[in-house]
Amino acid sequence: MTTRTVYLGLYDQLADWEYGHVAAQVSSRQFQQRPGRYEIRTVGLTTDPVRTIGGVRMLPDVALGDVSVDDAAMLVLPGGEGWETGELAAFGKLARRFREAGKPVAAICGATVGLAAEGLLDDVAHTSNFLEGLGSYGGAALYRDERVVRDQGVITAGGASPLEFAREVLAELEVFSPATVQAWYELHRDDTAEALGKLVASVQD
């Protein structure tokens with residue numbers, strides 16, 4: 001089985017809380033339909049270290065210019081303080097490369113601003129922190145006031161919805177079966193023994 005890469009954007013002032021569930025569940029083999037199908041590789045503007053909003057120092061695996069879209073499964077873009085200023089516009093252009101290649105893109109919080117600026121939300125249903133934050137773009141009529149929206153390979157979410165964001169990424173990649181995705185979400189949302197039992201049963205059926 002060929003292992004495919006899920007690229008995760010890294011940049012200074014990255015929002016620490018927005019990508020954790022995605023990275024953990026894509027990388028962990030537990031509950032997966034085909035363990036080892038995916039690997040996470042981090043991508044920065046360069047391979048220089050970055051420091052997150054929480055002060056965590058991180059080192060990208062590859063520079064943006066070295067991303068191989070052909071071998072990629074998805075691009076995941078967390079929020080961060082550089083999206084509204086345009087400092088991260090190069091990641092929006094990378095997202096365009098993914099979409100032109102028919103590859104899915106997932107963006108949360110400020111990263112949705114980058115997709116809007118690149119015109120990638122003009123023809124898909126989407127969400128963000130709030131509509132006004134996306135600025136002037138061509139897809140405002142398709143905005144949905146929801147926690148997460150997945151449409152035609154584009155996943156968007158507000159910064160307060162990392163769990164729902166992860167659920168839709170896992171569903172898009174088919175990391176888990178549909179039943180396991182829902183059970184996993186319910187466990188992390190509700191934190192009950194009943195939800196845990198449902199998750200375990202979903203991989204034993």
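**Rings and arginines**

Student: Are Tyr11 and Phe91 buried or exposed?
Tutor: Keep in mind that we're looking at a predicted model. Here, buried means under 20% relative accessible area. Tyr11 and Phe91 are both buried.

Student: How many aromatic pairs are there?
Tutor: For two rings to pair, their centres have to lie within 6.5 Å. Go by that rule, and the count of aromatic pairs comes to four.

Student: What kind of pair do the rings of Tyr11 and Phe91 make?
Tutor: Their centres sit 4.9 Å apart, with the planes at 70°. Planes over 60 degrees apart count as edge-to-face, so this pair is edge-to-face.

Student: How many residues apart are Tyr11 and Phe91?
Tutor: Tyr11 is in the loop between strand S1 (4–9) and helix H1 (20–27), while Phe91 belongs to helix H2 (residues 89–100). That makes it a link between distant parts of the chain, with the two separated by 80 residues.

Student: Is Arg144 buried, exposed or partly exposed?
Tutor: You'll find Arg144 in the loop between helix H3 (111–117) and strand S8 (148–151). Its relative accessible area is 31%. Since that falls between the 20% and 50% cut-offs, Arg144 is partly exposed.

Student: Which residues does Arg144 touch, not counting residues up to four places away in sequence?
Tutor: A touch here means heavy atoms within 4.5 Å. With those sequence neighbours left out, Arg144 touches Ala125, His126, Thr127 and Val149.

How values were computed
Residues are numbered from 1 along each chain as its sequence is written. This is a predicted model: local features need pLDDT of at least 70, side-chain atom pairs count only at pLDDT 80 or more; totals for chains, interfaces and linings use all residues. Side-chain values use heavy atoms; hydrogens and water are left out. Rings of Phe, Tyr and Trp (its six-membered ring) pair if their centres lie within 6.5 Å; planes under 30 degrees apart count as stacked, over 60 as edge-to-face and the rest as tilted. Helices (H or I, at least four residues) and strands (E, at least two) are DSSP runs, numbered from the N terminus. Buried means under 20% relative accessible area, exposed over 50%, partly exposed in between (1.4 Å probe, protein chains only).
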